[in-house]
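Okay everyone, thanks for coming. Let me put the structure up on the screen, and then I'll walk you through it piece by piece.

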Amino acid sequence: MSAREDIMNRIKSALRDAPETPVVPRAYRRSSTMSDAQRLEQLVDRLVDYKANVFLTPAADVPAKLAELLAGTSSIVVPHGLPQEWLSALKDDAGAPAVHVDSPERRLTVAELDAVDAVVTGAATAVSETGTIMLDGSDDQGRRIISLVPDRHICLLHAADIVEVLPEAIARLEASRPQTWISGPSATSDIELERVEGVHGPRTLDVMILT
Amino acid sequence: MSNTFLGMPTLPVFGQGNINATESFPQAARRELANTQLRANLGHATHTIRDKRLKVVAELPDWEDMRNAGSAIKDATMANLPALLEQFEANFTARGGIIHWARDAQEANEIVTALIRETGETEVVKVKSMATQEIGLNEYLEEQGIAAYETDLAELIVQLDHDKPSHILVPAIHKNRSQVREIFLREMPVVDPNLTDEPARLAEAARKHLRKKFLSAKVAVSGANFGLADTGTLTVVESEGNGRMCLTLPETLITVMGIEKLLPTWSDLEVFMQLLPRSSTGERMNPYTSLWTGVTPGDGPQNVHLVMLDNGRTAALADEYGRTALNCIRCSACMNVCPVYERTGGHAYGSTYPGPIGAILSPLMTGIKSEENSSLPYASSLCGACFDACPVKINIPEILVHLRGEDVDSKRAKLKVPTQMDLMMKGAQWAFSSGSHLNLLEKGLPLGKLVAGRDKVIKKLPGIAGGWTQSRNIPAPPSQSFRQWWDKEHKPGAAVVPGTTINEGEQA
Amino acid sequence: MKIALFATCIVDAMYPRTAQATVALLERLGHEVVFPSGQACCGQMHVNSGYFKEAHAVVANHVEAFDTDDYDVAVAPSGSCVASVKHQHELVARRCGDAALEARAAVVGAKTYELSQLLTDVLGITNAAEQLGSYFPHKVTYHPSCHGMRLLRLEDRQLNLLASVGGIEMVELPEAEQCCGFGGTFSMKNADVSSAMNADKAANICGTGAELCSGGDASCLLHIGGGLSRQGSDVGTLHFAEILASTLENPATVSGVVKLAGSKR
């Protein structure tokens with residue numbers, strides 16, 4: 001008998017008494033009762049609590065703000081689907097960082113990613129109550145590795161994509177896509193439960209919320 | 001597929017590996033209690049995390065609703081486990097993942113070893129995983145000439161110190177900063193000799209130590225927090241980014257997951273990803289959660305394996321009074337609130353799974369007859385703090401009592417001569433199963449007064465009761481019992497006056 | 001109202017004054033108290049030690065004594081024993097395959113109250129000084145026992161009753177919700193851990209500067225008091241029923257090392 005059959009038989013034998021399947025009571029909150037402004041305020045509060053840097057930026061000001069954040073940076077990586085106009089202010093400036101585009105045709109190697117200073121991505125959605133930003137590998141967010149290896153992650157999020165509670169985000173996300181949920185920069189509390197921001201993941205997380 | 005079982009019932013098949021205590025709990029506890037550094041570290045850590053948990057739980061108006069949902073989802077999972085496993089398997093496989101089944105620790109270790117050998121590698125990076133600790137994977141791989149590097153900071157500390165984890169969430173909870181610094185200075189091949197004991201500096205040292213390993217690793221081994229049956233998705237919840245490194249960079253990913261880790265649907269994650277972070281680290285959300293479904297072309301490992309582990313889980317499932325222990329999501333809230341764990345630490349439990357949940361899970365998985373594990377269900381004062389803290393409402397005290405019953409019955413069947421406890425319980429049964437028996441016994445109370453002597457306290461009792469008088473006196477009993485007073489002196493309606501006491505010295 | 005008293009074995013044999021105080025309180029309020037003479041023990045020591053077969057006889061005796069229509073409600077001055085009657089008895093009967101006992105145990109369990117529950121929820125006592133004449137001019141701290149707190153959800157009932165006693169000064173006990181370490185046979189089987197828990201409880205109690213520690217379970221008070229006594233502490237323990245029963249005319253006495261004002265000895 002294969003291990004699979006063996007285990008299946010053990011399980012069925014263990015359940016000989018046919019325990020009943022309870023109806024799951026879903027009385028918890030599954031939709032938001034907040035206004036857009038309240039959600040935005042809550043998300044900012046949570047992100048700041050996690051020691052992320054937060055910038056509220058009107059859509060038209062994104063290129064200038066991005067150029068400002070990246071001043072003095074020598075190279076960045078972006079996913080191929082990142083809106084081109086966001087990077088438009090980087091090109092004219094002599095001190096602008098070199099921009100590497102990661103695409104299905106030209107995937108950056110681990111060593112190349114390790115050499116860049118920052119990554120700029122979009123985001124799929126965000127949960128204000130928990131301060132969580134979700135990446136789902138869409139073209140404006142790219143492969144999981146590009147938002148992991150560089151030491152600084154600049155994440156751009158549309159205010160319209162902010163939901164309040166986790167169930168709302170779960171309903172928006174496609175399970176089959178590879179996902180990374182991010183709640184602040186990497187952190188550890190393994191030594192005397194004292195929180196330290198910045199371990200293996202990007203040690204700096206900048207979140208630009210497009211208003 | 002039907003869940004109805006038509007074949008011959010199989011006897012429970014118990015698990016093996018690091019879930020068998022080799023020393024009885026009272027004995028191990030005595031040693032750990034004597035370690036004052038450990039007591040101080042543990043007290044600080046459990047109190048800190050307990051307070052954080054209470055704070056973030058109080059934030060949510062629907063916490064109890066979430067616990068009720070979580071508990072029901074897990075009960076439903078166990079009731080339909082065969083069908084859900086098949087559904088998960090079909091979905092995970094359809095997306096290019098490969099599933100292996102392991103009856104026990106040995107089989108799981110062999111499967112993982114063979115998969116690593118196929119890649120030609122002799123090094124793997126690891127994400128903290130309870131399942132691989134349970135089966136003793138690291139030790140097995142070492143025997144096979146494969147080096148497994150733990151990448152979670154606490155696991156790294158424990159591995160570098162050749163120690164064992166003492167807590168399932170913060171495995172190095174028993175070490176303080178200066179101890180960690182000493183371990184790093186001693187064990188890291190390249191380390192700044194001026195390393196201070198600031199946690200930020202220590203974390204930085206770990207980053208440098210592991211960075212090259214991550215960037216060059218070809219094979220990673222992980223556990224999984226949840227497997228979602230209707231989509232075939234796996235989930236790893238973490239903080240440091242070491243999990244993301246292991247799950248994203250290598251070419252081959254081997255995940256070991258207990259068969260009970262499933263949730264029926266993708267949307268069930270909305271309950272568990274709220275319950276888990278708040279219960280475990282006391283955070284609104286953990287910094288990183290990774291989700292993957294089989295293989296994603298061009299993104300992450302292209303060889304994705306999953307080892308489905310039994311190792312005694314089906315034995316736990318077969319126990320109708322104990323099976324809800326399998327609902328555990330390994331948050332560790334129960335140990336952080338446990339007054340016993342707080343004083344003994346995790347090592348006293350002798351298993352990968354310490355604390356209140358370990359005291360039921362380990363004997364359920366190994367069988368109560370596993371000699372030293374039979375002492376685990378007694379490692380509790382039944383105060384009930386664990387049940388209140390459990391995000392999936394496992395009634396740990398009730399299962400502890402159930403397993404004590406199993407232990408008593410199994411020993412009764414085995415031993416010809418009754419133990420001291422057996423005799424005490426038999427005697428008490430006689431006294432307590434009749435008012436007149438108890439009355440008869442209570443007529444002897446003045447004898448106790450005699451034993452107590454002039455200072456009206458009893459300071460030493462023989463045999464098993466000597467455990468009590470080790471640190472506690474017993475007041476001299478009163479001259480007569482309540483029922484004797486009631487029969488002789490009580491006049492209905494005439495209020496009894498507490499000041500006019502009939503007893504001497506009954507208050508300690 | 002006709003109220004059946006379940007004295008509990010430990011109070012019956014070791015702390016009769018707690019039961020007398022309970023009777024005094026109920027009679028002071030004009031109720032009739034009966035004492036079903038067949039009663040002995042709730043059986044939780046057997047259950048919690050894993051001796052289900054032996055527990056069956058003890059549970060059967062309790063149900064036999066209390067399954068009558070001769071009273072309106074039953075009361076016990078113990079959260080732990082009431083929790084056993086309400087939550088364990090049916091379980092024991094089921095495990096021993098005794099369906100008839102299971103059904104009768106449910107009836108008895110539903111009629112049984114812990115003393116502060118009865119006083120607060122049924123008899124409407126919100127101010128002990130005014131409604132019971134309670135007077136106890138001492139500095140007191142309070143330990144909420146685990147089973148009353150977590151199995152019966154008594155919340156602040158006992159504490160509120162104590163706080164409303166005339167002349168009393170209540171002081172908060174740090175880490176009050178931590179178990180004292182009694183746990184029945186746990187205190188013998190795991191004597192080292194139990195002693196360590198009790199030592200921390202004793203240190204917290206002594207740190208409050210209270211003259212005594214009150215609570216609602218004689219077993220926990222026996223444990224805490226036994227530890228304090230071994231350490232040579234002046235601090236005593238006293239069940240809340242005795243504090244409520246204490247009046248200006250007839251104050252409660254606390255024996256042991258400490259002698260409180262109003263004590264005859």
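Chain C comes with an average pLDDT of 94, and 95% of its residues score at least 70; pLDDT is the predictor's confidence in each residue, from 0 to 100. There's one stretch to flag, residues 255-265 of chain C, where the pLDDT is below 50. That stretch still has 25 contacts in the model beyond near neighbours in sequence, a contact being heavy atoms within 4.5 Å. Where pLDDT is low, the predicted coordinates should not be read in detail.

Chain B averages 92, with 95% of the residues at 70 or above, that is, scoring at least 70. Its stretch to flag is residues 500-508 of chain B, with pLDDT below 50 and 45 contacts beyond near neighbours in sequence.

A bit of housekeeping. This is a predicted model, so to speak of local features we need pLDDT of at least 70, and side-chain atom pairs count only at pLDDT 80 or more, while totals for chains, interfaces and linings use all residues. Residues are numbered from 1 along each chain as its sequence is written, chains are lettered from A and ligands numbered from 1 in the order in which they are written, and side-chain values use heavy atoms, leaving out hydrogens and water.

Back to chain C and its sheet. How many strands form the open sheet, and in what order? There are 4, running β2-β1-β3-β4, with parallel pairing. Strands here are DSSP runs of E, at least two residues, and helices are runs of H or I, at least four residues, both numbered from the N terminus; two strands pair if DSSP finds at least two bridges between them. β2 (32-34) and β4 (112-114) of chain C stand at the edges with a single partner strand each, so one side of each has no neighbour in the sheet. From one strand to the next, the twist averages 35 degrees.

Inside that sheet, β1 (residues 2-5) and β3 (residues 73-76) of chain C pair in the parallel sense over 3 bridges, and C:Leu5 has C:Val75 in β3(C) as its bridge partner. Helix α2 (residues 16-28) of chain C packs on the sheet, touching β1, β2 and β3 of chain C, and its direction makes about 175 degrees with that of β1(C). For angles like that, axes are lines fitted to C-alpha atoms, for helices over the stretch in contact, and the angles run from 0 to 180 degrees between N-to-C directions. Helix α6 (residues 99-111) of chain C also packs on the sheet, touching β3 and β4 of chain C, at about 40 degrees to the direction of β4(C).

Now domains, with bounds from an automatic or database domain assignment. Chain C splits into domain 1 (2-121) and domain 2 (127-245), with 22 Å between their C-alpha centres. Their contact takes 29 residues from domain 1 of chain C and 23 residues from domain 2 of chain C. In chain B we get domain 1 (25-315) and domain 2 (423-488), and their C-alpha centres lie 52 Å apart.
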